[in-house]
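Welcome, and thanks for taking a look. Here is a short briefing to read alongside the model.

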Amino acid sequence: MSKRHVSAVVNGDPVEFLCTPEQTLLDVLRDDLDLTGSKECCSSGDCGACSVILDGRLVCSCLVLSAEAEGKRIETIEGMAKGEELHPLQRRFLEHAALQCGICTPGILIAAKALLEREPDPSETEVRFWLAGNLCRCTGYDKIVRAVLDTAAEMRRS
Amino acid sequence: MRYEAPETIDAAVALLGSVGRARPLAGGTDLLVQLRAGIVEPDLIVDLKKLPGLRTIAKEKGGFRIGAAVTGAELREHPDLRKVWPGVVEAANLIGSTQIQGRASLGGNLCNASPAADSVPALIAAGATVTIIGPGGQRELAVEAVASGPGKTILAKGEFVTSIFLPARPPRSADAYLRFIPRTEMDIAVVGCGVSLTLDQSGTCTAARVALGAVAERALLVAEAGAALIGSKLDAAAFEKLIAAARKACRPIDDKRGTKVFRIDIAGVLAQRTATIAAERARGQK
């Protein structure tokens, strides 16, 4: 099968890859670009563990064909910390123990980042609705929601 | 399987007609799931998102022309659309999560032809029309004529929907969409109802369209339900007729989401509640 050449920008870096038509963006991120922070879980767009930001939009990378990434900007969990310095959301998630097994965490962090970039002062209800596409079977969500709200408050102060 | 992303309508039509099993791709939130599950096994996927007009919302003849691949998030963020067609926007925004909203399109929701598609009853109530293009040229159809059954449309080989048109609104017009689900979010309609209506200065209803989803093999325009409201002040007697007409139109199935009896009952309840919201919105306009 002939492979397709795709150029994109991932976490600010230009990348090129060859993909088959069946491969999803998630497949390429994990298997070809070694960016395994985005998790494969349901593969049907229900759980949000593979969430990335594609040209400024939060999407499930399991529901994007890799060929569709041509010319796009992609932000993944790997681009969230600046070197050793964690993003405020990452720091607050640790402080609040807003994770247990960790499989959902990269997707939730990316989704929360997308929310705070749009809405610096979300209500609890807005946070819960925004994150409704990110399933967590460990925490019961309360710690996650508190961590997001605390981060929002911190980022508004700074 | 092959993937192509043509940049002209002619190229897209030619590609879709060129092989036995070709599928158009808009947001992909249904198609990629079906690919993964082996429900569809196309030889060719034609990504429509680079085609002119497929990703834009444009004012036209006092109404709005919405490209078939415009996403739910883009509908919500449009400055004017939700003021004029709040029901269409709220229906589209009920589909899936934030992540799905970033990709899922009106054209895809229509052509996936789920009887429970949330945006379709709202579009039918709105009197929306679709522009279809294919090997035989271009044609316009009422939205309610597109789906023919679960997963099936009247689109001929090589045809696809390029845009959806929402017409201009007279004063004191509004629409609304409600669905019943057993939770608050992220679910598929047990019953959905769209209502669009116009009031005159005295509050009498002069035009009304009512559509129901998930109560038949496709979303239904219920002309009798709309007629029950026209000429009334949306009083209890009119609502009784509306409820009866909505229930009479239902021919649902029993499934894990709801029984026939339940769906028929809920269709009446939703019709009244949706009409009430649409009327409040219409009265609220200056």
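Which domains does the domain assignment of chain A give? The assignment, which is automatic or from a database, gives domain 1 (4–79) and domain 2 (88–157). This is a predicted model, where local features need pLDDT of at least 70 and side-chain atom pairs count only at pLDDT 80 or more, while totals for chains, interfaces and linings use all residues. Residues are numbered from 1 along each chain as its sequence is written, and chains are lettered from A and ligands numbered from 1 in the order in which they are written.

**Domains of chain A**
- Taken over C-alpha atoms, the centres of domain 1 and domain 2 of chain A are 21 Å apart.
- Contact (C-beta atoms, placed from the backbone, within 7 Å) joins 13 residues of domain 1 of chain A to 11 residues of domain 2 of chain A.
- On the domain 1 side, strand β3 (residues 51–54) of chain A gives the largest share, three residues; strands (E, at least two residues) are DSSP runs, numbered from the N terminus.

**Strands of chain A**
- Strand β1 (residues 4–10) of chain A pairs with strand β2 (residues 13–19) of chain A in the antiparallel sense over seven bridges; pairing needs at least two DSSP bridges.
- A:Ala8 has A:Val15 in β2(A) as its bridge partner.
- Two residues lie between β1(A) and β2(A) in their hairpin, and A:Asn11 in the turn has a positive phi of about 50°.
- β1(A) also pairs with strand β5 (residues 73–75) of chain A, in the parallel sense over two bridges, and there A:Arg73 is the bridge partner of A:Val9.

**Between the chains**
- Chain B brings 20 residues to the contact and chain A brings 23 residues.

Technical notes:
Two residues are in contact if their C-beta atoms, placed from the backbone, lie within 7 Å. Helices (H or I, at least four residues) and strands (E, at least two) are DSSP runs, numbered from the N terminus.
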